[in-house]
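The following exercises are to be worked with the sequence and the coordinates at hand. Each task is followed by a solution in steps.

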Amino acid sequence: MSKHSEKTEKTNVMRILDAHGARYVTHCYVLSGAVDGTDVAAALGEDPRHMFKTLVTVGKSGAHYVFMVPVCRELDLRKAAAAVGEKSVSMVKSKELLPLTGYVHGGCSPIGMKKQFETVADESAAQFDTIIFSAGKIGYQVEMPVSALAETVPLRLAPIAVNG
């Protein structure tokens, strides 16, 4: 079902991190068929609580927000809305993701979107020295400290995840 790729291609996310002088580790994987974040965590031999998915939402005001939650958990839309001061937020439709962010579903990263949106990661990220998230292309992940990510994109932590 999976194997680690021998060749590491530079993604836009990696180029942005390089330009910021950020330290990161690249993880590559190959999976076939429909996959989710827990499949990716298993393919990489990583704890799914340590791997974060990037979710894009739209608030009642029309503003967009990015949330990062562990791949084994779900975004609590009420907590997410409260974290950004909105009455409500809803997930962006899959067909709107590419034109809005420049990323496809499954390869969305908080780094390098067409426009920088307010970004909130679940507070559980603070319990790890590093977190792993999409490098902006399916098959590629980057691992770095949350503090280094916060130096690259405006990021704050809040209790936004619930068990799925």
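**Exercise 1: A residue in a loop**

Task. Locate Val104 relative to the secondary structure elements, classify its accessibility, and identify the surface patch to which Val104 contributes.

Solution. The model under study is a predicted one.
Step 1. Val104 belongs to the loop that connects α4 (94–101) with β8 (118–122).
Step 2. The relative accessibility of Val104 is 44%. Partly exposed denotes the range between under 20% (buried) and over 50% (exposed); Val104 is therefore partly exposed.
Step 3. Together with Leu98 and Ile138, Val104 makes a nonpolar surface patch of about 260 Å².

**Exercise 2: An open sheet**

Task. Determine the strand order of the open sheet of three strands, and explain why one side of β2 and of β9 is left without a neighbour.

Solution. 
Step 1. The order is β2-β10-β9, and the pairing is antiparallel.
Step 2. β2 (25–28) and β9 (131–137) are at the edges; each has a single partner strand, and therefore one side of each has no neighbour in the sheet.
Step 3. On average, neighbouring strands of this sheet are turned by 35° against each other, with direction ignored.
Step 4. The antiparallel pairing of β2 with β10 (residues 140–144) extends over four bridges. Within this pair, Thr26 is placed opposite Val142 of β10.

**Exercise 3: A helix across the sheet**

Task. Describe how helix α1 is placed against the strands, and decide whether Met14 is buried or exposed.

Solution. 
Step 1. Helix α1 (residues 12–19) lies across β2, β9 and β10, and its direction makes an angle of about 25° with β10.
Step 2. Met14 is part of helix α1. Its relative accessibility is 1%, so Met14 is classed as buried.
Step 3. Beyond four places in sequence, the residues that Met14 touches are Glu9, Tyr24, Thr26, Ala135, Tyr140 and Val142.
Step 4. For Met14 and Val142, a sequence separation of 128 residues corresponds to a C-alpha to C-alpha distance of 7.9 Å.

**Exercise 4: A buried strand residue**

Task. State which strand contains Val89, and list the contacts of Val89 beyond four places in sequence.

Solution. 
Step 1. Val89 is in strand β7 (residues 89–91).
Step 2. Because its relative accessible area is 7%, Val89 counts as buried.
Step 3. Leu77 is twelve residues from Val89 along the chain, and their C-alpha atoms are 6.1 Å apart.

Definitions and conventions: Residues are numbered from 1 along each chain as its sequence is written. This is a predicted model: local features need pLDDT of at least 70, side-chain atom pairs count only at pLDDT 80 or more; totals for chains, interfaces and linings use all residues. Side-chain values use heavy atoms; hydrogens and water are left out. Patches are made of residues with over 30% relative accessible area and no salt bridge: like charges are joined within 9 Å, nonpolar side chains (Val, Leu, Ile, Met, Phe, Trp, Tyr) within 5 Å. Accessible areas come from the Shrake-Rupley method with a 1.4 Å probe; for residues, only the protein chains shown count as cover. A salt bridge is a side-chain nitrogen of Lys or Arg within 4 Å of a carboxyl oxygen of Asp or Glu. Helices (H or I, at least four residues) and strands (E, at least two) are DSSP runs, numbered from the N terminus. Buried means under 20% relative accessible area, exposed over 50%, partly exposed in between (1.4 Å probe, protein chains only). Two strands pair if DSSP finds at least two bridges between them. Axes are lines fitted to C-alpha atoms, for helices over the stretch in contact, and angles run from 0 to 180 degrees between N-to-C directions. Contact means heavy atoms within 4.5 Å.
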